[in-house]
Amino acid sequence: MDKFNLCESEYRFASIVWENEPVGSGELVKLCNDKLGWKKSTTYTVLKKLCDREILKNENATVRAIIKQEQVQKFESQKFLDKTFNGSLPRFIASFMSDKKLSKAEADALKKLIDSYKEE
């Protein structure tokens with residue numbers, strides 16, 4: 001599971017790959033320069049690190065994700081929920097919603113989503 005534990009800069013880098021894959025390594029260098037202000041050497045250092053961890057792969061100068069963004073988001077969400085709310089989704093929602101109001105359409109959409117995950 002530590003494989004999914006990305007620091008902020010790694011996540012931002014991986015997001016560029018996820019948004020553009022498959023992406024040539026030269027294009028990735030340009031994108032990282034534009035979006036992150038990184039030099040070529042920084043881009044290749046982080047790319048190698050994430051390839052070594054089997055999050056990304058670089059074959060024939062084409063970069064693709066092995067681990068999908070949704071997998072990392074799920075891991076990070078669960079880690080936050082465990083750390084901050086002792087794993088309680090209802091406590092998180094109550095805290096998050098404490099000063100917000102939902103429209104009827106938003107409330108209905110959330111109810112439908114929750115109902116779709118109910119145990120039978």
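Q: Leaving aside neighbours within four places in sequence, which residues is Glu10 in contact with?
A: They are Asn5, Lys49, Leu50 and Arg53, where contact means heavy atoms within 4.5 Å. This is a predicted model, in which local features need pLDDT of at least 70, side-chain atom pairs count only at pLDDT 80 or more, and totals for chains, interfaces and linings use all residues. Residues are numbered from 1 along each chain as its sequence is written, and side-chain values use heavy atoms, with hydrogens and water left out.

Q: Is Glu10 buried or exposed?
A: Glu10 is buried, with a relative accessible area of 3%; buried means under 20%, exposed over 50% and partly exposed in between, with a 1.4 Å probe and protein chains only.

Q: And where is Glu10 placed?
A: Glu10 lies in helix H1; helices are DSSP runs of H or I with at least four residues, strands are E runs of at least two, and both are numbered from the N terminus.

Q: At what angle do H1 and H3 pack?
A: H1 (residues 8–20) and H3 (residues 40–52) pack at about 90 degrees, with axes 11 Å apart.

Q: Which residues make that contact?
A: H1 supplies Glu10, Phe13 and Ala14, while H3 supplies Thr43, Val46, Leu47, Lys49 and Leu50.

Q: Changing topic, what does Phe13 touch?
A: Apart from neighbours within four places in sequence, Phe13 is in contact with residues including Leu28, Cys32, Trp38 and Leu56.

Notes:
Axes are lines fitted to C-alpha atoms, for helices over the stretch in contact, and angles run from 0 to 180 degrees between N-to-C directions.
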